[in-house]
Amino acid sequence: MKLGPIYAYTGGKDFNPAQPTVVFIHGVLHDHSVWILQSRYLAHHGWNVLAIDLPGHCKSGGEPPASVEEASAAIVGLLDAAGVQKAALVGHSFGSLIALETAARAPDRVSHLALVGTAFPMRVSPALLDASVSAPMKAIDMVNAFSHSSLAPPPSSLGPGTWLYGGNRALMRRVLASNPKVNVFFTGFKACDSYTGGEAAMDKVQCPTLFVLGSADQMTPPKAAQSLVGKAKNAKVVQLPAGHSLMTEAPDGVLLALKDFLKA
Amino acid sequence: MPGYSDPGFDTLALHAGAAPDPSTGARAVPIHLSTSFVFESSDQAAALFNLERAGHVYSRISNPTTAVLEQRVAALEGGIGAIATASGQAALHLAVATLMGAGSHIVASTALYGGSQNLLHYTLRRFGIDTTFVKPGDIDGWRAAIRPNTRLLFGETVGNPGLDVLDIPTVGQIAHEAGVPLLVDSTLTSPWLIKPFDHGADLVYHSATKFLSGHGTVIGGVLVDGGSFDWERSGKFAELTQAYEGFHNMVFSEESTVGAFLLRARREGLRDFGACLSPHSAWLILQGIETLSLRMARHMENTAKVVEFLASHPLVSRVGHPLLQSHPSHQLAQKLLPRGAGSVFSFDIAGNRAQGKAFIEALKVFSHLANVGDAKSLVIHPASTTHFRMSDEALAQAGIGPGTIRLSIGLEDAADLIDDLKKALKAAEKAA
């Protein structure tokens, strides 16, 4: 994989080498902006925030990772480039697998591991994989509907008045369009589907692990995370009344879970 | 409500943004008549002010009842979010003020509501924002009017009152080629007749006073963002893509890849201009939206019958509705507005000004007043009322003659509406 410059949103604060660092890793057809609230809060409460766009997505250069392992290498590369010896990793969905694999491969570089909306294995149906290429707009609509659990979520990322179904759909379309050369919808799903190292990776994780799961999540239902929960040595599980889009459907719940976990 | 696709229009019209109140069990949306909301802690207060957490602080910026309306209209339009405003005019002003300042330029349709025409032609010029007006169907004219400082193209889904249908796909493409968004006033159509985002518009607003509320009881507006316009790629909107000293040096397009416009519009526009909607008004509009699809279907059904009657009446020289093949927008309306092109339209009496006056004064079911989109049928004489500030030339450009009558067809029995019109036309005939 060709690594290009990786964009990281810092939550409105400059990087301060004296502070601990948290890296936010998004899922398929998302970017840094799904973490607006959580990342902005931590940035203003003593943490360096690096909420990235994965390689080949939106503002980041390079090629989109073809596998969880490739993406993990990019995260280690990011820490090296930023001069960060050790960071907390927070990942959502595809991003949670990347965070997990990174914590396993480089345990001395990861202080905390937070897996939001995770599952292992993270299978994607062949029909949806096909649709991500042959009918991506329809596939986006399907994933979008599956990702939300409520027509009346609390005030969210854009503040009161945000319509989450529409916001997520628009973001997924924008991210897909951001890379005219590679279909990052398909490559992301394929990487999730083909990742086989989840349990082995969890065996190697040495830092505390937080699971933030949505009780109404249809994409990665809580029961699908149990194989990882069972393997984790020092784990805490927080279940929130939300669907797969936890960061926007339960923004405060995710923040408070992270805040408690990171002692922020 | 999980499923394979978004919930349907009618479900959204009833449920988007609202659930039974968790503290009281109230099924209807509660009216939160509170200016302010108690902070849980000092930390939460600071986080709310710094956009680290989402919630309500002060009802000029947001309010729980108003937020339900915003989510509901955004859902019906297929947008990412919305901002409710004190009126439709406030929504238009908020859109313009968020996107540009002195030295900027707008290209707008000539077929606009008179109040919008006033804002663009007179008031905004005083603040250094210039507008070039183009006939909505003059596609080359739209393109030719664009200047380096153009920041917005703007038109109505169907122009008031001639019902010139805006070719949203084509005008949207012209806007995007120029790196600017297309703003559409969808007041006269409502999302039941057309969703402008599906056709290439970037921003949509409504005077919710009209069909959304639907009962002539409330003044309000809603501005919706489709989330599709790429402000950074355009490079013309420093307001959204560069640090804003007026709000923590926030770069709105970094904070939200698709929601930069709404972030700034709420955090600057509502904060500083303050044209927010009352929660009580929001509730009234929500009550209307619950029956929007039922009302719109009946509006269209009645309109078709009234148009047919007028088109065959000997004292009527013109009926300006795209249902008729003679209307210049007939074909475009068939394509963009298959459910109908609205229930507000004009016609000309083949007579003099006195006959027009006699016609209006003879009506019993139609009410003579300055509004449209009510459940009740309405009538007005645009040249002497809504559009009276416009010159004859501007009136002609907007398709309005001195004898033009504008109707807003309501939900009464169609036979009674036709009977009322028949008797009034008889009175007009006698006044010759």
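A residue counts as buried at under 20% relative accessible area, as exposed at over 50%, and as partly exposed in between (1.4 Å probe, protein chains only). At 9% relative accessibility, A:Cys207 is therefore buried. This is a predicted model, in which local features need pLDDT of at least 70, side-chain atom pairs count only at pLDDT 80 or more, and totals for chains, interfaces and linings use all residues. Side-chain values use heavy atoms, with hydrogens and water left out.

- A:Cys192 takes part in no disulfide, as the nearest cysteine sulfur, that of A:Cys58, is 17 Å away.
- A:Cys192 is buried, at a relative accessible area of 3%.

**Aromatic rings**
- Over all chains there are 12 aromatic pairs; rings of Phe, Tyr and Trp (its six-membered ring) pair if their centres lie within 6.5 Å, and planes under 30 degrees apart count as stacked, over 60 as edge-to-face and the rest as tilted.
- B:Phe347 and B:Phe359 form an edge-to-face pair, because their ring centres are 5.6 Å apart and their planes stand at 85 degrees.
- B:Phe347 is buried at 0% relative accessibility, and B:Phe359 is buried at 0% as well.
- One aromatic cluster is made up of B:Phe229, B:Trp231, B:Phe237 and B:Phe261.

**Charges over rings**
- A charge sits over a ring if NZ of Lys or CZ of Arg is within 6 Å of the ring centre and within 35 degrees of the ring normal.
- B:Arg264 lies over the face of B:Tyr244, 3.8 Å from the ring centre.
- B:Arg339 lies over the face of B:Trp192, 4.1 Å from the ring centre.

Key:
Residues numbered from 1 in each chain as written. Chains lettered and ligands numbered in written order. Disulfide = S-S within 2.5 Å.
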